Amino acid sequence: MKNIQTASKEEIAEIQWLRLKNQMLFLDQNSKFYHKRFKKNDIELSDIHTLEDLRKIPITTKEELQLYNHDFICVPKEDIIDHVTTSGTLGRPVSLALNNADLDRLALNEMQSFQIIGVKKEDVVQITTTLDRRFMAGMAYFLGLRMLGAGVIRTGSGLPQLQWDSIERFQPKYLIAVPSFLLKMIDYAQEHHIDFKKSSVKAAICIGESIRNMDLEFNALSKKIKQLWDIELFSTYASSEMATAFTECELHVGNHAQPDLIFTEILDQAGAPVKPGEVGELVISTLQNTTMPLLRYATGDMVSFIDDPCKCGRNTIRLSPVIGRNRQMIKLKGTSLYPQNVIDTINEFDKISLFVIIAERGNLGIDNLIIKIPDTSTLTLIQLFKEFLKSKLQVTPTLEMALPSDIEKLKYPEDGRKPRVFIDNRY
C-alpha cells in the first residue's frame, strides 16, 4: 500500500474520511457513550458527508471521558490487555484501556514516528523514560522500536550514572528523553569527567517538554542543551487519549500528523476551524482504534498548524508546539499568559535552573502566579530576575523562596512520570 503520508492531499483526505466514517459506525454499534450521543442529538451517520456535517456532532470533553469512562469501552472486558492512565496534567488521571489490536496500532504509530525522524533498523535507541507506572508512552516506544527492528536499551527514568554506563556499553545513537533530564545528564557527566561530547549519541527524541517556540525556533531550554551538547533535537507531541504521536522530520518544521491513525481539527472558541498559522484548540478523532475510540475529543491543547507540503515529501499537516492548554491561560493583572510563555522566559534568564510555577485563584477570583526559586538566590539575583520577568512578560509574578529540596519534590513527585514545572491549583 502506498504510504499515506506522501500521498496527495486529495488522497489523504479521501482515505481519512473513509476511516473516520468506519470509526463512527463502529462507535454507534459498540460505544454506549457515543450511541447515546448520536441518538440524543438526532444524528444519522448516513447524513454525515462533509466536515460541516461532522461539526454537528458535539465535542467530547475530558470531563465526560472521566465521568462516563466505562461507557467509552467498546470491547468485552476479557479482551482488554493493557490498562493505562493519563498524566493528570489538568486534574485526576483518566483511565484508558487497550486490547491486542490497539497495542498493534500503538506499535505502528510509534514505528512510523521513528521513521519520520529517520531511525533505522541498524540503530540503537536508549529509552530514558519509565515503562511502568501505567505510562502508555514508555510501552509505545518499546513496541515501536521492536516493530522497526531497532536495538533498544530500557534504562528507565532518572539515574544519570546508569544512563552513561548504558551509553558506554551499548553505544546508542538516539536517546528518548525529557529535555530537562538531558541537562541533568550533562551536569552528571561534567561532575564525573565523562567526555559526553565524544559519546555515540547523535540525537535526542524529546518528550514531555517543548523545545521550540511558535515560530519553530529553539526555545531557551533547547538552546541551553545545544550550547552544552550539540546533538540533534527532535520535537514530538502526543497524549495517552490520542494514542498517536506527531513528530518532527529531519527538517524540523513542525510535527507531522499520522493521517492513517488520527483525524485532526483545530478550532476557535466558537468551534469554527482556524486558518493555517492561527492558534486554536486541537480536537482529535482516533482512527483504527477499537477499545476506547474518541470522536471529536477536545485535547485542551492550543496549537497552530502548517498545511503546506513539507520538503521531506510528506503532505500531512504539521502542528506547532503547544502554546498552552485552554484552561491553563492565566489572566495576571490584565495580561494573558500561558504557562509555556513563563517557562521559556525563566529558561531564557539562565541564572535560575531550578523552579516551579504555581497558579492560584484568590478570594475575588483573581489569578495569582507564584514562582518558587531556591532560597540560596542572592538579593541582587532576585532583583535582576524580577526586572527580567517584567521586561519579558509585562507583569511580575510573585516570587517565593524555598529549599531546593522542596522544589525538587514538587517538580519530581514520587508518583510522577515526567517533570511537573507548572502546577495549576485554580481548579
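Visitor: Which element gives the largest share of the lining of the second largest cavity?

Guide: That is helix α5, with 4 residues. The model is predicted, so to speak of local features asks for pLDDT of at least 70 and side-chain atom pairs for 80 or more, while totals for chains, interfaces and linings use all residues. Residues are numbered from 1 along each chain as its sequence is written, and side-chain values use heavy atoms, with hydrogens and water left out.

Visitor: Why is a space called a cavity, and not a pocket?

Guide: On a 1 Å grid over the protein atoms alone, a cavity is a set of points where a 1.4 Å probe fits but cannot get out; a pocket is an open set with protein on both sides within 12 Å along at least five of seven lines. The structure holds 2 cavities of 30 Å³ or more.

Visitor: How do you know which residues line the second largest cavity?

Guide: Lining residues have an atom within 4 Å of a point. Among those that line this cavity are Glu-110, Phe-114, Tyr-141 and Thr-247.

Visitor: What is the make-up of the lining of the largest cavity?

Guide: The lining divides into 6 nonpolar, 2 polar and 3 charged residues. Nonpolar here means Ala, Val, Leu, Ile, Met, Phe, Trp, Tyr, Cys and Pro; charged means Asp, Glu, Lys and Arg; the others, Gly among them, are polar. Leu-96, Asp-102 and Ser-240 are among the lining residues, so they count as nonpolar, charged and polar in turn. Strand β2 (95-99) gives the largest share, 3 residues.

Visitor: Where does Ile-317 lie, and which residues does Ile-317 touch?

Guide: Ile-317 sits in the loop between β13 (305-306) and β14 (318-319). Leaving aside residues up to four places away in sequence, Ile-317 touches Asn-255, His-256, Ala-257, Thr-264, Phe-305, Ile-306 and Asp-307, with contact meaning heavy atoms within 4.5 Å. Ala-257 is 60 residues away in sequence, yet the two C-alpha atoms are 5.9 Å apart. Ile-317 is also one of the residues nearest the centre of the second largest pocket, which has 22 lining residues and about 620 Å³ of space. Strand β10 gives 6 of the lining residues, the largest share.

Visitor: What is the strand order in the open sheet of 4 strands, and why are β20 and β21 edge strands?

Guide: The order is β20-β19-β18-β21, with mixed pairing. Strands β20 (398-402) and β21 (422-424) each have a single partner strand, so one side of each is left without a neighbour in the sheet.

How values were computed:
Helices (H or I, at least four residues) and strands (E, at least two) are DSSP runs, numbered from the N terminus. Grid points are joined across faces, edges and corners, and a volume is the space filled by probe spheres set on the points. Two strands pair if DSSP finds at least two bridges between them.
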